[in-house]
Amino acid sequence: MNTSRTLATTARVLRQLRHDPRTIALMLLVPVGMIALLRYVFDGSPGTFDSVGASLLGVFPLITMFLVTSIATLRERTSGTLERLLAMPLGKADLIAGYALAFGLLAVVQSALATGTALWVLGLDVTGSPWLLLLVALLDALLGTALGLFVSAFAASEFQAVQFMPAVIFPQLLLCGLFTPRDTMQPVLQALSDALPMSYAVDGMNQVLRHTDMTAAFLRDALVVAGCALVVLALGAATLRRRTP
């Protein structure tokens with residue numbers, strides 16, 4: 001992987017995003033708006049917002065980054081941009097790392113906005129460090145970016161990219177322990193939940209919610225989410241190929 005080529009790819013993607021304010025608004029403002037809406041839905045029960053809000057602080061960035069990344073990358077594929085780039089002396093690792101870095105930078109801003117709003121504007125009460133909460137939110141956003149890069153290879157249109165959300169995101173959302181504790185699920189569903197990265201993201205948020213210091217369980221959850229993001233990025237690089245001989 002060549003650093004200069006990776007950074008050039010990152011700069012190109014950021015320039016394109018700069019001219020698309022609606023996409024930037026979707027990435028940066030929608031998670032903040034959803035957290036604020038959730039706060040006032042539970043306006044009469046602050047304890048419920050504290051218990052659920054921390055988990056959703058990781059879920060919302062993952063979903064928005066998945067949507068935006070999958071659609072943006074698919075647009076590059078269908079327009080022939082990726083094919084032209086691959087005809088140049090640009091490695092797959094350079095290309096996928098450039099995209100990941102560009103969307104990752106936006107994920108940092110997105111996670112910081114959502115976490116800061118939840119803690120210091122909406123009054124989310126957590127026992128642990130806000131920095132740990134931000135770390136998990138950022139890892140979740142990066143995981144959403146990786147998943148979006150990966151599934152874009154299997155869609156032929158932007159509409160199909162959106163259709164991957166029920167297949168990729170919704171099962172994780174239902175089985176991550178957000179609606180019911182994972183240890184009360186049927187054994188088959190619990191085993192499936194243990195294999196899904198969003199489960200560890202929610203567990204990590206719950207660790208910050210309940211413990212003042214970093215626990216071994218939190219470290220495990222963070223490493224699992226980060227590892228899954230790296231694996232999915234590698235799989236995304238494997239799907240990059242020229243469409244013409």
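In which hand does α3 pass α7? The crossing is right-handed. This report describes that crossing and several other features of the structure, which is a predicted model.

Helix α3 spans residues 46-78 and helix α7 spans residues 158-168; their axes come within 9 Å and cross at roughly 145 degrees. On the α3 side, the contact is formed by Ile63, Phe66, Leu67, Ser70, Ile71, Leu74 and Arg75. The α7 side contributes Glu158, Ala161, Val162, Phe164, Met165 and Val168. Sorted by class, the residues joining α3 and α7 are ten nonpolar, one polar and two charged.

The hand of the crossing between α10 and α11 is left-handed. Here Pro197, Tyr200, Ala201, Asp203, Gly204, Gln207 and Val208 of α10 meet a set of residues in α11, namely Ala217, Phe218, Arg220, Asp221, Val224, Val225 and Cys228. The contact of α10 with α11 comprises nine nonpolar, two polar and three charged residues.

**The first helix**

Helix α1 covers residues 3-18, a run of 16 residues. From its first C-alpha to its last, α1 reaches 22 Å, close to the 22 Å expected at 1.5 Å a residue. Within α1, the residues Thr6, Thr9, Thr10, Arg12, Val13 and Leu17 are buried. These residues lie on the same side of α1 because they cover an arc of only 160 degrees around the axis. An α-helix has 3.6 residues a turn, so residues three or four places apart point the same way.

**Individual residues**

| Residue | Relative accessibility | Class |
|---|---|---|
| Thr145 | 2% | buried |
| Ser193 | 0% | buried |
| Gly123 | 44% | partly exposed |
| Ala54 | 0% | buried |

Thr145 belongs to helix α6, which runs over residues 130-151. Apart from neighbours within four places in sequence, Thr145 is in contact with Met65, Thr69, Ala100 and Phe103.

Ser193 is part of helix α9 (residues 187-194). Setting aside residues up to four places away in sequence, Ser193 touches Leu175, Cys176, Arg182 and Ser199. Between Ser193 and Leu149 there are 23 Å in space, C-alpha to C-alpha, and the two are 44 residues apart in sequence.

Gly123 is located in the loop between α5 (92-120) and α6. Is Gly123 buried or partly exposed? Gly123 counts as partly exposed because its relative accessibility is 44%, a value that falls between the limits of 20% and 50%. Beyond its neighbours within four places in sequence, Gly123 makes contact with Asp50 and Ala118. The C-alpha atoms of Gly123 and Leu7 are 38 Å apart, and 116 residues separate the pair in sequence.

Ala54 has its place in helix α3. With residues up to four places away in sequence not counted, Ala54 touches Phe49, Leu124, Leu133, Met205 and Leu209. Ala54 is buried because its relative accessibility is 0%, and buried means under 20%. Along the chain, Ala54 and Glu76 are 22 residues apart, and their C-alpha atoms are separated by 34 Å.

Technical notes
Residues are numbered from 1 along each chain as its sequence is written. This is a predicted model: local features need pLDDT of at least 70, side-chain atom pairs count only at pLDDT 80 or more; totals for chains, interfaces and linings use all residues. Side-chain values use heavy atoms; hydrogens and water are left out. Axes are lines fitted to C-alpha atoms, for helices over the stretch in contact, and angles run from 0 to 180 degrees between N-to-C directions. Helices (H or I, at least four residues) and strands (E, at least two) are DSSP runs, numbered from the N terminus. A crossing is left-handed if the near helix is turned anticlockwise from the far one by less than a right angle, and right-handed if clockwise. Contact means heavy atoms within 4.5 Å. Ala, Val, Leu, Ile, Met, Phe, Trp, Tyr, Cys and Pro count as nonpolar, Asp, Glu, Lys and Arg as charged, and the others, Gly among them, as polar. The expected span of a helix is 1.5 Å times one less than its number of residues. Buried means under 20% relative accessible area, exposed over 50%, partly exposed in between (1.4 Å probe, protein chains only). The arc is that of the directions from the helix axis to the C-beta atoms.
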